[in-house]
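Please examine the structure shown below. The report that follows describes selected features of its side chains and surface.

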Amino acid sequence: MFRPWIPFEWIVAIRFLREGRLQTLFIISGVAIGVGVIIFMSALLAGLQSNFIRRVLSAQAHIELLPPQEVTRPQRQGANSLPSEVEGAIVQPPLQRLKGIDQWQAVATQIRQLSDVLVVTPVAGGSALVVRGNASRAITIAGIEPMQYFRIVNLDDKLVRGSTRLSATDILIGTELASDLGVDVADKLRVTTANGGTSTLTITGIFDLGNKGANQRNTFVALHTAQSLLGIPGGVTSLEVTVRNVYAAEDISQRITKDTGVEADSWIRTSAQFFAAVSAQTTANTAIRFFVGLSVAFGIASVLVVVVVQKSREIGILRAMGVSQGQILRVFLLQGGLLGFGGSVVGCTIGELALLLWQRYARNPDGTPLFALVFDPTLFTVALVLATLTGLAAAVAPALRAARLDPVVAIRG
């Protein structure tokens with residue numbers, strides 16, 4: 001009968017683990033719990049962050065390009081005056097006029113050529129007053145190209161009533177504004193801007209952006225309608241950009257500013273507190289994983305140290321029979337690796353079961369999941385590899401101690 005050849009080190013390592021069944025069981029359980037906690041926490045945090053990012057960025061672009069700010073230029077006293085000599089002791093900031101981005105079509109074309117950019121769309125935005133009978137409200141108009149803009153902010157998913165059709169005489173408004181003015185789909189609103197532009201627009205849709213303030217202020221019209229109302233024919237006040245990696249938005253915005261000379265603000269800069277909170281969560285999760293892994297390593301190391309003491313006579317006999325120091329070293333390294341691997345396999349199962357239970361029982365009041373969890377195979381593979389490597393690393397010190405035992409001293413006990 002054919003028997004598979006098994007290296008000597010594997011035979012001894014497995015025998016030592018079998019003889020100390022209780023110790024092996026405890027350390028595998030400890031490793032499994034540690035790996036399960038790491039997998040559960042990592043997947044939970046990834047889902048939570050993805051949900052936060054989706055909620056925050058689903059109603060805004062990742063990067064916004066804006067025209068330059070108006071600046072004050074103090075006059076010199078004369079041609080030969082020193083730079084510090086200016087007329088007047090007080091320099092007041094100028095009024096920021098509504099103006100567009102110079103040659104925005106060329107800038108948009110240049111940005112679209114970047115490999116990291118997904119969508120670039122123009123927006124003509126400004127303030128206006130909307131009137132309905134005796135009621136009036138201050139609003140913000142955003143003139144958009146629907147086909148492109150809806151790839152950034154999907155208003156179809158946020159629509160409560162009506163449609164997202166936008167012709168020259170159409171307007172989309174929020175639920176709060178509709179409630180304040182007492183209007184619904186197909187009603188008409190009179191919109192007036194500061195420069196005297198006036199137009200009567202028909203409500204084609206009512207949306208909910210998930211924010212009361214945004215639902216009271218934000219309105220959407222066709223791009224050319226906003227350009228006419230705001231007095232910037234053919235111009236746009238911003239370019240909205242989305243990128244493939246939202247966490248790289250700041251670096252991409254700096255590159256855009258360098259290449260085009262147009263000021264670019266990323267969501268990381270404009271939502272600095274939110275980004276800091278997300279970064280803090282990532283740091284906390286990393287710290288938790290590190291200390292859990294450290295406790296697992298010390299657990300494996302402590303068990304193997306005990307095994308070295310318990311098996312010192314057997315190690316001495318093996319050494320006297322001609323077993324090399326390298327083979328003894330590999331025996332204990334294999335034990336550490338097997339403990340880490342076995343515990344990680346069980347831990348991956350525990351982590352997956354915990355995630356399935358969370359997804360099933362952690363629900364919103366309406367029965368929907370709190371947030372989506374992604375079962376990433378990479379997470380399980382990385383946990384498996386790291387736990388095995390941790391077991392090997394933890395076994396180094398006990399293995400070296402076992403390999404250096406003097407055979408005569410070990411046999412005498």
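How many aromatic pairs does the count come to? The count comes to 5 aromatic pairs, where rings of Phe, Tyr and Trp (its six-membered ring) pair if their centres lie within 6.5 Å, and planes under 30 degrees apart count as stacked, over 60 as edge-to-face and the rest as tilted. The model is predicted, so local features need pLDDT of at least 70 and side-chain atom pairs pLDDT 80 or more, while totals for chains, interfaces and linings use all residues. Residues are numbered from 1 along each chain, and side-chain values use heavy atoms, without hydrogens and water.

One of the aromatic pairs is formed by Phe40 and Trp358; their ring centres are 6.2 Å apart and their planes stand at 75 degrees, so the pair is edge-to-face. Phe40 lies in helix 2 and Trp358 in helix 13, 318 residues apart, and the pair thus links distant parts of the chain. Helices are DSSP runs (H or I, at least four residues), numbered from the N terminus.

The salt bridges number 7, each being a side-chain nitrogen of Lys or Arg within 4 Å of a carboxyl oxygen of Asp or Glu. One of them joins Arg15 to Glu19, with the closest N and O atoms 3.0 Å apart. Both residues belong to helix 1 and, being 4 residues apart, are separated by about one helical turn.

The helices named above have these ranges:

| Helix | Residues |
|---|---|
| Helix 1 | residues 8–19 |
| Helix 2 | residues 21–57 |
| Helix 13 | residues 325–361 |

Definitions and conventions
Helices (H or I, at least four residues) and strands (E, at least two) are DSSP runs, numbered from the N terminus.
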